[in-house]
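Here are my notes on the model, point by point. Please read them with the structure open.

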Amino acid sequence: MKILLAEDDYATRKFMVSFLSQYGECDVTVDGMEAVDAFLMALEDEEPYDLVCLDIMMPVMDGYQALMGIRNLENIPKENEVKVIMTTALNEEQNVKMAFDLGCTIYSGKPIDQTRFEQALKKLNLI
């Protein structure tokens, strides 16, 4: 599985890379703009990501903006879109709703619960 992680917090990024690397190749970006650029390069190289994990609160471009950029780049049927897991400490209803309205697949609160995250990956048929 090819994974793109966008996370600006060093400790969370280090944990997520360690956790996700057991499931496949994990590319890392530290803001939303880098994530969209990496996503575009993967599409252009015809090596698209299977999973994108986006933090919502990031500098330069937040996770919502990055998700919009990714969905705009795909231009494919919804059932073939990359799976996107939004990760954040923002668990208020309006944040969750906005993420799903923009096209996220799963919303995961922080701190990340490994067991629940693995269940999400299984639900998405990624592991």
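1. Basis. This is a predicted model: local features need pLDDT of at least 70, side-chain atom pairs count only at pLDDT 80 or more, and totals for chains, interfaces and linings use all residues. Residues are numbered from 1 along each chain as its sequence is written, and side-chain values use heavy atoms, with hydrogens and water left out. Helices (H or I, at least four residues) and strands (E, at least two) are DSSP runs, numbered from the N terminus.

2. Helices α2 and α3. The axes of α2 (residues 32-44) and α3 come within 9 Å and cross at roughly 15 degrees. Axes here are lines fitted to C-alpha atoms, for helices over the stretch in contact, with angles from 0 to 180 degrees between N-to-C directions. The two helices are therefore roughly parallel to each other. Angles under 35 degrees count as roughly parallel, over 145 as roughly antiparallel, 65 to 115 as roughly perpendicular, and the rest as oblique. The crossing of α2 and α3 is right-handed, that is, the near helix is turned clockwise from the far one by less than a right angle. On the α2 side, G32, V36, F39, L40 and L43 make the contact; α3 brings A66, G69, I70, L73 and E74. Contact means heavy atoms within 4.5 Å. By class, these residues are seven nonpolar, two polar and one charged. Ala, Val, Leu, Ile, Met, Phe, Trp, Tyr, Cys and Pro count as nonpolar, Asp, Glu, Lys and Arg as charged, and the others, Gly among them, as polar.

3. Helices α3 and α4. Helix α3 (residues 63-74) also meets α4 (residues 93-102): their axes come within 9 Å and cross at roughly 15 degrees. So α3 and α4 are roughly parallel to each other. Their crossing is right-handed. Y64, L67, M68 and R71 of α3 touch N95, M98, A99 and L102 of α4. That contact has six nonpolar, one polar and one charged residues.

4. Helices α1 and α5. For α1 (residues 10-20) and α5, the axes come within 12 Å and cross at roughly 50 degrees. The pair is therefore oblique. The crossing of α1 and α5 is right-handed. F15, M16, F19 and L20 of α1 make the contact with Q114, F117 and E118 of α5. The classes are five nonpolar, one polar and one charged.

5. Largest pocket. How much space lies in the largest pocket? About 280 Å³. On a 1 Å grid over the protein atoms alone, a pocket is an open set of points where a 1.4 Å probe fits, with protein on both sides within 12 Å along at least five of seven lines; lining residues have an atom within 4 Å of a point. The lining has 13 residues, and I106, Y107, S108, R116 and A120 lie nearest the centre of the pocket. Strand β5 (106-109) and helix α5 (114-123) each supply at least two lining residues. The largest share, five residues, comes from α5. The lining divides into six nonpolar, four polar and three charged.

6. Backbone. Most residues other than glycine have a negative phi, and most peptide bonds are trans. Two sites deserve a look. The K110 to P111 peptide bond is cis, with omega near 0 degrees. P111 sits in the loop between β5 and α5. V60 is not a glycine, yet has a positive phi of about 65 degrees. V60 lies in the loop between β3 (51-55) and α3.

Note on methods:
Points joined across faces, edges and corners; volume = space filled by probe spheres on them.
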